[in-house]
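Here are my notes on the helix packing and one of the pockets. Have a look at the model first, then go through the points below.

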Amino acid sequence: MSLMDNFTDITYEVENGLAWITINRPDRFNAFRAQTVDELVLAFKRAWASPDVGTICLTGAGDKAFCAGGDQKQRMETGDYGPSQSGLFEVEALHRVMRDVPKPVIAAVNGLAIGGGHVLHVLADLTIAADTASFGQNGPRVGSFDAGLGSGYLARVVGEKRAREIWFMLRRLSAEEALDWGLVNKVVPAAELKDEVRRWAETMNAYSPTALKVLKQSFNSDTEHFVAVGNMAITTLKLFGETPEAQEGITAFNEKRQPDFSKYRGN
């Protein structure tokens, strides 16, 4: 096993052809700030370029959370997700590289997969969940949304009615419910999660990498337009985030109270 230790928010390890990319912010439920996203993008590109890697696993540190999405404490403190290498919050680049990396990506969901963290597992090619995992969205509660891959592609995964229930009702799903809905591929006891990922990786690593690459590109072609929709949605979200309505959502979240959106219903 090789380990790259020049990251602060994630860890990157390669083990027998499997790259483990682990969000390492358990004190924030593995929520991502801008620096976390930069490191994730770089790690996926390293795995892409590495001849030692056939499959990639994205997971979270600890046993409470896979990823709780964007770091709302950071957003409340500074009005953004903190500094990044480029000056941009590169979450679309992360979505892009997860889809474009020509190797299968497994999400190992070890706990909460919420909000932007839920989107990351949806975008993975395969999801294996611990029996302690839970899944759901949070955007409309905090004045946010993901109107691209996180909703349009989600509907391709679970169907229109269930995707709308996830977003409109903010339905929280258990691991078994997620399996029943087709949102995950398999559920295993939490203690067996990493071993199960290794088994799936060993299977895929025995196959033709070019065949897997072209298959992944073929699967992606049908939903590529959601990337463009997502780009428009990010523009809208940036404008919306500065409105009193969105500010009520994030303020209520940090004050641990229910938001009051009632006066915005006529807009």
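1. Let's start with handedness: is the crossing in which H3 passes H4 left-handed or right-handed? It is right-handed. Keep in mind throughout that this is a predicted model.

2. Staying with that pair, the axes of H3 and H4 (residues 116–123) come within 10 Å, with a crossing angle of roughly 20 degrees. Angles under 35 degrees count as roughly parallel, and H3 and H4 are therefore roughly parallel to each other. On the H3 side the contact uses Leu94, His95 and Met98, which meet Val119, Leu120 and Leu123 of H4. By class, the residues of this contact split into five nonpolar, one polar and no charged.

3. H3 (residues 91–100) also packs on H1 (residues 34–49): the two axes come within 9 Å and cross at roughly 20 degrees. H1 and H3 are therefore roughly parallel to each other too. Their crossing, though, is left-handed, whereas H3 passes H4 in a right-handed one.

4. Who touches whom between H1 and H3? From H1 come Val37, Leu40, Val41, Phe44, Lys45 and Trp48, and from H3 come Val91, Ala93, Leu94, Val97, Met98 and Asp100. The residues of that contact divide into ten nonpolar, two charged and no polar.

5. The H6 and H7 pair is another matter. The axes of H6 and H7 (residues 160–168) come within 7 Å and cross at roughly 135 degrees, and the two helices are therefore oblique to each other. The crossing is right-handed.

6. Where H6 and H7 meet, H6 brings Gly150, Ser151, Leu154, Ala155 and Val158, while H7 brings Glu160, Arg162, Ala163, Ile166 and Trp167. The class count for this contact is six nonpolar, two polar and two charged residues.

7. Now the second largest pocket, which holds about 360 Å³ of space. Its lining is made up of 19 residues, and those nearest the centre are Asp125, Leu215, Lys216, Phe219 and Asn220. The elements that give two or more residues to this lining are H6 (149–158) and H10 (209–221).

8. Which helix gives the largest share of that lining? H10 does, with five residues. Sorted by class, the lining of the pocket has eleven nonpolar, six charged and two polar residues.

Notes
Residues numbered from 1 in each chain as written. Predicted model: local features only at pLDDT ≥ 70, side-chain atom pairs only at ≥ 80, totals over all residues. Heavy atoms only, no water. Axes fitted to C-alpha atoms, helices over the stretch in contact; angles between N-to-C directions. Helix = DSSP H or I, 4+ residues; strand = E, 2+ residues; numbered from the N terminus. Parallel < 35°, antiparallel > 145°, perpendicular 65-115°, else oblique. Left-handed = near helix turned anticlockwise from the far one by under 90°. Contact = heavy atoms within 4.5 Å. Nonpolar A, V, L, I, M, F, W, Y, C, P; charged D, E, K, R; others polar. 1 Å grid on protein atoms, 1.4 Å probe; cavity = no way out; pocket = protein on both sides within 12 Å on 5 of 7 lines; lining within 4 Å. Points joined across faces, edges and corners; volume = space filled by probe spheres on them.
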